[in-house]
2 protein chains.
Amino acid sequence: MVAGMQSRDTPPTRAGGRPRSTEADTAILEATRQALVDLGWTKLTLGDVATRAGVAKTTLYRRWAGKSELVVDAVAELFDELELPDRGSLAADIEGVVLQFAALLGRPETRTALMAVVAESTTDGPLRERIRTSIVERQKRLVLEGRERAQARGELPVEPDPETAGRTADLIFDVTAGAVVHRALVSAEPVDVEWAHRFTTLLLGGLAATTTAP
Amino acid sequence: MVAGMQSRDTPPTRAGGRPRSTEADTAILEATRQALVDLGWTKLTLGDVATRAGVAKTTLYRRWAGKSELVVDAVAELFDELELPDRGSLAADIEGVVLQFAALLGRPETRTALMAVVAESTTDGPLRERIRTSIVERQKRLVLEGRERAQARGELPVEPDPETAGRTADLIFDVTAGAVVHRALVSAEPVDVEWAHRFTTLLLGGLAATTTAP
DNA sequence: GCAGTTACGCTACGAGCCGTAGCGAAAGCC
DNA sequence: GGCTTTCGCTACGGCTCGTAGCGTAACTGC
């Protein structure tokens, strides 16, 4: 809910003058998402987005450096929906977040945009950083939150060394997010309740192995 | 090594006439990979590839429908390098294939191309099928081969029901490939020996859990 | 050797999008 | 009211796309 602080390009930051229209901001991001649904990543053009949003094309270029940055901000807002309600057990929490993430990847706008901007980021450092702070870190907090809760329940041991604990969290994050993305977008097969259950069993068994036998 | 059978667009298949130059084929695919290294996915243009390969632009359009199809064929050849030598144990086999896959994703041409074509495939059915047969299935065979070998060693039980066995293999595949891709491209952190070892421990522990407790 | 068929290199073209510049008008702060 | 910044609008050069048309090269079958 904190959402897009510092999401668009900062104006030269001098006081005075006409302020930027926040209505235009929301209209542009909404138009971007709709254009992603209608056209997909490649056929999306900034001119088209400007027309849909009812603003001039130049306004877009004043705020975003290019297509990638705009789309990152547009889809990042959708990741605010991800939350981790307490479902009573670690297994139920994992299944829940997997299905939530899968539902997000099922939407056509995220489907077509997420892999595209990641692909862009492989040759664009600042974009990678923008993705990391706007999207990736927002997901990773769910892992930390779930672990903390499971430790409070006594389902997971408290790892003494903070460095190895961090690496374990990173591993769980890459395995979970990676598996869901790969299943949904590469294998192109459904992430349903049954798959989520099988994955959760696998992950929990692996966690037991990693924490008992270093 | 079997490689790109039926990789390019089939000519109308009538006998007679000048045959297509196979030298041009290999030159084009090699030029495509080099262009990916130099320019990345977005800045790569078909005209530039044609110039690098020393062929006319029209020749490219006669064989491939577009940029995506060309790049899929160009990177698919690199996946032929993936093999699964017997390293003595299931754990060693998994670690080996993880590091091999990571090395492939470390190359700039696959780095920038793989996510991009997957993104394209979300709005292009035929392209998704091309990726599946040219790239994905080629990786999945490694999973099946590794499982068979582990069963022969007695490290894994033989699952009686072929359907659940297939689902388990699919799960392992999505988890492994997804985790490596996510670690390398999204988190943008190194897939080194230590990470591969931690991942293998996690996966093996999970396998024990899934096969003992259905 | 000759006709038939197909691929090749080359050139040229309309179309579309990019990203920017320049203008007058609007909306805030002092 | 003066200053500053944003806004909408128009116009532009530059690049890439994908295709068409042409003459030439390569290979097959009679």
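This is a predicted model: local features need pLDDT of at least 70, side-chain atom pairs count only at pLDDT 80 or more; totals for chains, interfaces and linings use all residues.
User: How many helices and strands does chain A have?
Analyst: Chain A has 9 helices and 0 strands, and its C-alpha atoms fill a box of roughly 60 × 40 × 35 Å when taken along the principal axes. Of the 214 residues in chain A, 40% are buried, and among contacts in this chain between residues at least 6 apart in sequence, 69% join residues at least 24 apart.

User: OK, switching to the two chains. How many residues does each one give to the contact?
Analyst: The contact takes 40 residues from chain A and 40 residues from chain B. On the side of chain A that touches chain B, the elements giving two or more residues are helix 1 (22-43), helix 6 (108-121), helix 7 (125-153), helix 8 (162-186) and helix 9 (193-212) of chain A.

User: Which helix gives the largest share on the chain A side?
Analyst: That is helix 8 of chain A, from which 13 residues of the side that touches chain B come. The residues of this side of chain A divide into 20 nonpolar, 12 polar and 8 charged.

User: How are the two copies related?
Analyst: Chain A can be laid on chain B with an RMSD of 0.0 Å by a turn of 180° and a shift of 0.0 Å along the axis, and the two copies are therefore related as by a two-fold rotation axis. The same surface serves both copies, in that 100% of the contact residues of chain A recur in chain B.

User: Which residues have the most contacts inside the largest nonpolar core?
Analyst: They are M115(A), V118(A), M115(B) and V118(B), in a core that has 106 residues. Leaving aside neighbours within four places in sequence, M115(B) is in contact with M115(A), V118(A) and A119(A) from chain A, and with L185(B) from chain B.

User: What about I131(A), buried or exposed?
Analyst: I131(A), whose place is in helix 7 of chain A, is buried, because 24 other C-beta atoms lie within 10 Å and the cut-off for a buried residue is 20 or more. Not counting residues up to four places away in sequence, I131(A) touches V72(A), V117(A), V118(A), S121(A) and V136(A).

User: And G166(B), buried or exposed?
Analyst: G166(B), which is found in helix 8 of chain B, counts as exposed, because it has 12 C-beta neighbours inside 10 Å and the cut-off for exposed is 12 or fewer. The C-alpha atoms of G166(B) and L82(B), which are 84 residues apart along the chain, are separated by 22 Å.

User: Last one: how far apart are the end C-alpha atoms of helix 8 of chain B?
Analyst: They are 34 Å apart, which agrees with the 36 Å that the 25 residues of this helix (residues 162-186) should span at 1.5 Å a residue. Just after helix 8 of chain B, A188(B) takes a positive phi of about 60°.

Technical notes
Residues are numbered from 1 along each chain as its sequence is written. Chains are lettered from A and ligands numbered from 1 in the order in which they are written. Two residues are in contact if their C-beta atoms, placed from the backbone, lie within 7 Å. Helices (H or I, at least four residues) and strands (E, at least two) are DSSP runs, numbered from the N terminus. Ala, Val, Leu, Ile, Met, Phe, Trp, Tyr, Cys and Pro count as nonpolar, Asp, Glu, Lys and Arg as charged, and the others, Gly among them, as polar. Copies are superposed by least squares on the C-alpha atoms of residues with pLDDT of at least 70 in both. A nonpolar core is a set of buried Ala, Val, Leu, Ile, Met, Phe, Trp, Tyr and Cys residues joined through C-beta atoms within 7 Å. The expected span of a helix is 1.5 Å times one less than its number of residues.
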